[in-house]
Amino acid sequence: MSILYRYITGGILVAILLASPGSVAAQSSDQAQLALLRQLVALLQTQLAELLAQSATPQRTQTQYEPYNTSVPERTINLGKYSNTARSVSQIPDERAKFFFERVRELTPSKYLPLIEQFEVRDFRGSPDAQVFGHYRSDNGFVWHFYIDREYLANGFSQAGMDELIVHEVAHIIGDTDGTPFEVRSRCHDYLANNIGCPRLDSLYMKFVAEFWSEKQLDEMQRRNSITEQNYARNPGSFVSRYASRNPKEDFAESFAQFVLDDRNSHRGVAGEKVDFFDRYSMSRSLKEEILTDL
Ligand SMILES: [Zn+2]
């Protein structure tokens, strides 16, 4: 806006200069100077028109393209990137990585599979085993990267353990995608907002948080980022696993994985209610059905 202002001011100054009696005198004595001033006016008019055209076009804001998930493994090493197509995955040279990503393709519900742009093997140096990372693409679509740790693949894994890991990560994809497009920041607790805004309040994830995470717990998360140990100890029976007590997102993912894969009877109390939560919504019921057909 300040540039635009400068151009307008410049244009007005030149116009005054041309219209002033002094400039009339200059006109007769120096035609070349007048021609130069006219050129300058023409140039300013062109630039002004361009600026006005630009300001009339809705501009994409910078933040929209920034990864909203700050935990993207920036400092870890990428050991192989593969696009999410049957052909690309079938050509992965590492047998275990190929096996793993083929399974991801099988277990990811059809609505979400096309949103995974890329698979990657990374060296996470032990933790985590897997991670998903969502971000806005330049065309405004919300897409995902799916990472697996080199060591996890190298150590070997059971089919059941692998399926659980995949369903957990897929739960993050479902929860976060369902929360887009983001709402204005002021509509949720600061802890739940990211650099774009709040997940949609009517998303499955936000309903889950509203039901199971108190204002006090969110305040504490905001201050300390992880309250796993205290949270797990203070709330016996409230989480389906210790990892779930880490934060609301992990609670959502772990509870969803239990809803899909586990017998409901293994969880009582609040942990059981969290599993039942997903049974109340047709969206999660049909996702479960679809995942189970591939297990
Ligand atoms: Zn997770």
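Helix α11, residues 248-261, packs against helix α12, residues 269-279, at an angle of about 70°, and the two axes are 9 Å apart. Helices here are DSSP runs of H or I with at least four residues, strands are runs of E with at least two, and both are numbered from the N terminus. The axes are lines fitted to C-alpha atoms, for helices over the stretch in contact, and angles run from 0 to 180 degrees between N-to-C directions. That makes α11 roughly perpendicular to α12; the label covers 65 to 115 degrees, with under 35 roughly parallel, over 145 roughly antiparallel and the rest oblique.

On the α11 side the contact uses S255, F256, Q258 and F259, and on the α12 side K274, V275, F277, F278 and D279. Contact means C-beta atoms, placed from the backbone, within 7 Å. By class, these residues are five nonpolar, two polar and two charged. Nonpolar is Ala, Val, Leu, Ile, Met, Phe, Trp, Tyr, Cys and Pro; charged is Asp, Glu, Lys and Arg; the others, Gly among them, are polar.

Two notes on the source. This is a predicted model, where local features need pLDDT of at least 70, side-chain atom pairs count only at pLDDT 80 or more, and totals for chains, interfaces and linings use all residues. Residues are numbered from 1 along each chain as its sequence is written.

Both helices come up again with α8, residues 204-212, whose buried residues are L204, Y205, M206, F208, V209 and F212. Buried means 20 or more other C-beta atoms within 10 Å of the residue's own, exposed means 12 or fewer, and partly exposed is in between, with C-beta atoms placed from the backbone. The cover over those α8 residues includes α7 (159-178), α11, α12 and α13 (282-293). For the protein as a whole, 28% of the 295 residues count as buried.

Next, the loop between α7 and α8, where T180 sits. T180 is partly exposed, because 18 other C-beta atoms lie within 10 Å. Leaving out residues up to four places away in sequence, T180 touches F142 and R200. The C-alpha atoms of T180 and R200 are 6.0 Å apart, at 20 residues along the chain.

Last, the strands. β3, residues 130-136, and β4, residues 142-149, pair in the antiparallel sense over seven bridges; pairing requires at least two DSSP bridges. G134 has W144 as its bridge partner in β4. Five residues separate the strands of this hairpin, and N140 has a positive phi near 80°.

Conventions: Two residues are in contact if their C-beta atoms, placed from the backbone, lie within 7 Å.
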